[in-house]
Amino acid sequence: GTYWLAGSACLVILAWASTLLARRLNTAGYPAGVRSALYAGVALGILGVLAMLAGPWFSKMDPTANVYPATVWAIVIWVAVHTSVGVIMQAYCIARAYAGRLTARYDMEIWNVTLYWHFACFSAVVALATLVAP
């Protein structure tokens with residue numbers, strides 16, 4: 001399942017980059033671009049989580065067999081949960097943008113979500129690289 005995990009890391013990096021782009025577009029005053037970048041971030045984050053879970057699933061790793069597959073599943077689930085929280089945060093920013101509450105002047109939400117995505121992306125890349133490394 002290393003290809004799934006490597007692909008997942010790439011998708012999470014792209015979701016993080018979409019959040020950064022949304023923050024920059026918001027600062028520049030492009031609300032349609034903000035929403036588009038956040039939609040892309042949500043889609044990429046969801047695909048990243050699905051690819052993350054597909055790695056051990058399609059490798060038929062049984063977490064009850066021994067400690068190695070149990071550890072792999074624990075790490076993957078930990079990263080998937082944190083990535084999913086980031087996706088929920090992006091969706092919240094989309095709702096705020098549609099409500100007119102996320103503007104260039106009132107932008108604390110997008111800054112906080114970006115800060116969280118720094119953590120989520122770094123955690124995902126380190127954890128997934130650890131699992132992919134030979």
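**View 1. The pairing of helix α2 with helix α3.** Helix α2, which covers residues 31–58, packs against helix α3, residues 67–98, at an angle of about 165°, and their axes lie 9 Å apart. Because an angle over 145 degrees counts as roughly antiparallel, α2 is described as roughly antiparallel to α3. When α2 passes α3, the crossing is left-handed. Sorted by class, the residues in the contact of α2 with α3 are 20 nonpolar, five polar and one charged. As in every view here, the model shown is a predicted one.

**View 2. The whole protein, for orientation.** The secondary structure comes to four helices and zero strands, and from the N terminus on the order of the elements is α-α-α-α. Taken along the principal axes, the box that the C-alpha atoms fill is roughly 55 × 20 × 20 Å. The protein has 134 residues, of which 40% count as buried. Among contacts between residues at least 6 apart in sequence, 74% join residues that are at least 24 apart.

**View 3. Helix α2 and the residue K60 that follows.** Helix α2 has 28 residues, and the reach from its first C-alpha to its last is 40 Å, which is close to the 40 Å expected at 1.5 Å a residue. After α2 comes K60, whose place is in the loop between α2 and α3. The phi angle of K60 is near 55°, and this is a positive value in a residue other than glycine. Is K60 buried or exposed? With a relative accessible area of 71%, K60 is exposed, because the cut-off for that word is over 50%.

View 4. I94 is found in helix α3, and its relative accessible area is 7%. I94 is therefore counted as buried, since buried means under 20%. Which residues are in contact with I94, once its neighbours within four places in sequence are left aside? They are L38, Y39 and V42. Another residue to look for in this view is S36, which is 58 residues away from I94 along the chain, while the C-alpha atoms of S36 and I94 are separated by 8.9 Å.

**View 5. The pairing of helix α3 with helix α4.** The axes of α3 and helix α4, the latter made up of residues 108–132, come within 10 Å and cross at roughly 160°. The two helices, α3 and α4, are therefore roughly antiparallel to each other, and their crossing is left-handed. By class, the contact of α3 with α4 has 19 nonpolar, six polar and two charged residues.

View 6. T114 is found in helix α4. At 1% relative accessibility, T114 counts as buried, because the cut-off for buried is under 20%. Leaving aside the neighbours of T114 within four places in sequence, the residues in contact with T114 are T19, L20 and R23.

How values were computed. Residues are numbered from 1 along each chain as its sequence is written. This is a predicted model: local features need pLDDT of at least 70, side-chain atom pairs count only at pLDDT 80 or more; totals for chains, interfaces and linings use all residues. Side-chain values use heavy atoms; hydrogens and water are left out. Axes are lines fitted to C-alpha atoms, for helices over the stretch in contact, and angles run from 0 to 180 degrees between N-to-C directions. Angles under 35 degrees count as roughly parallel, over 145 as roughly antiparallel, 65 to 115 as roughly perpendicular and the rest as oblique. A crossing is left-handed if the near helix is turned anticlockwise from the far one by less than a right angle, and right-handed if clockwise. Ala, Val, Leu, Ile, Met, Phe, Trp, Tyr, Cys and Pro count as nonpolar, Asp, Glu, Lys and Arg as charged, and the others, Gly among them, as polar. The expected span of a helix is 1.5 Å times one less than its number of residues. Buried means under 20% relative accessible area, exposed over 50%, partly exposed in between (1.4 Å probe, protein chains only). Contact means heavy atoms within 4.5 Å.
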